[in-house]
Amino acid sequence: MPYVMRNADGDICGLFEQPQEDFAVELLASDDPAVVEYLNKPLPVSSVSARQFRVMLRRAGLLDQVKAWVAMQDGETQDAFEYSGTFVKESPMMAAGFAAMGFTPQQIDGFFSAAASL
């Protein structure tokens, strides 16, 4: 039976074996639906392979637009796009590219989740 920590919205955001003074004092059964949901929640995707990233760009109709943006960047960014084996969501190149494309944080998360499923 875990002690749960909840965020400001009341959702479980952590589980502990022992009570944690001031932030995890609520004890729930291990089979409580909220605990089961938290334990089965998919982890956020932080990176995808180059193949997954490029296929997702193609499927989203963005490959040519991204290639044009990359061509206008410095050599280091061009090399990173061309030769990286992994694309990391939080990297400065990704942040700049997604900002240039007008993506929201939720759209970026969705893009990486979809790419990870390929």
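These legends accompany close-up views of aromatic rings in a predicted model. Local features need pLDDT of at least 70 and side-chain atom pairs count only at pLDDT 80 or more, while totals for chains, interfaces and linings use all residues. Residues are numbered from 1 along each chain as its sequence is written, and side-chain values use heavy atoms, with hydrogens and water left out.

View 1. The structure holds eleven aromatic pairs (rings of Phe, Tyr and Trp, the last by its six-membered ring, with centres within 6.5 Å; planes under 30 degrees apart are stacked, over 60 edge-to-face, the rest tilted). Phe 16 is partly exposed at 25% relative accessible area, and Phe 23 is partly exposed at 43% (buried means under 20%, exposed over 50%, partly exposed in between, using a 1.4 Å probe and protein chains only).

**View 2. Phe 53 and Phe 98 link distant parts of the chain.** This edge-to-face pair has 6.5 Å between centres and 80 degrees between planes. Phe 53 belongs to helix α2 (residues 50-59) and Phe 98 to helix α5 (residues 92-101), 45 residues apart; helices are DSSP runs of H or I with at least four residues, numbered from the N terminus. Phe 53 is buried at 4%, and Phe 98 is buried at 7%.

**View 3. A cluster of Phe rings.** Ring pairs join Phe 53, Phe 81, Phe 87, Phe 98, Phe 103, Phe 111 and Phe 112. Take a look at Arg 54 too: it lies over the face of Phe 81, 4.2 Å from the ring centre (NZ of Lys or CZ of Arg must be within 6 Å of the ring centre and within 35 degrees of the ring normal).

Methods: Helix = DSSP H or I, 4+ residues; strand = E, 2+ residues; numbered from the N terminus.
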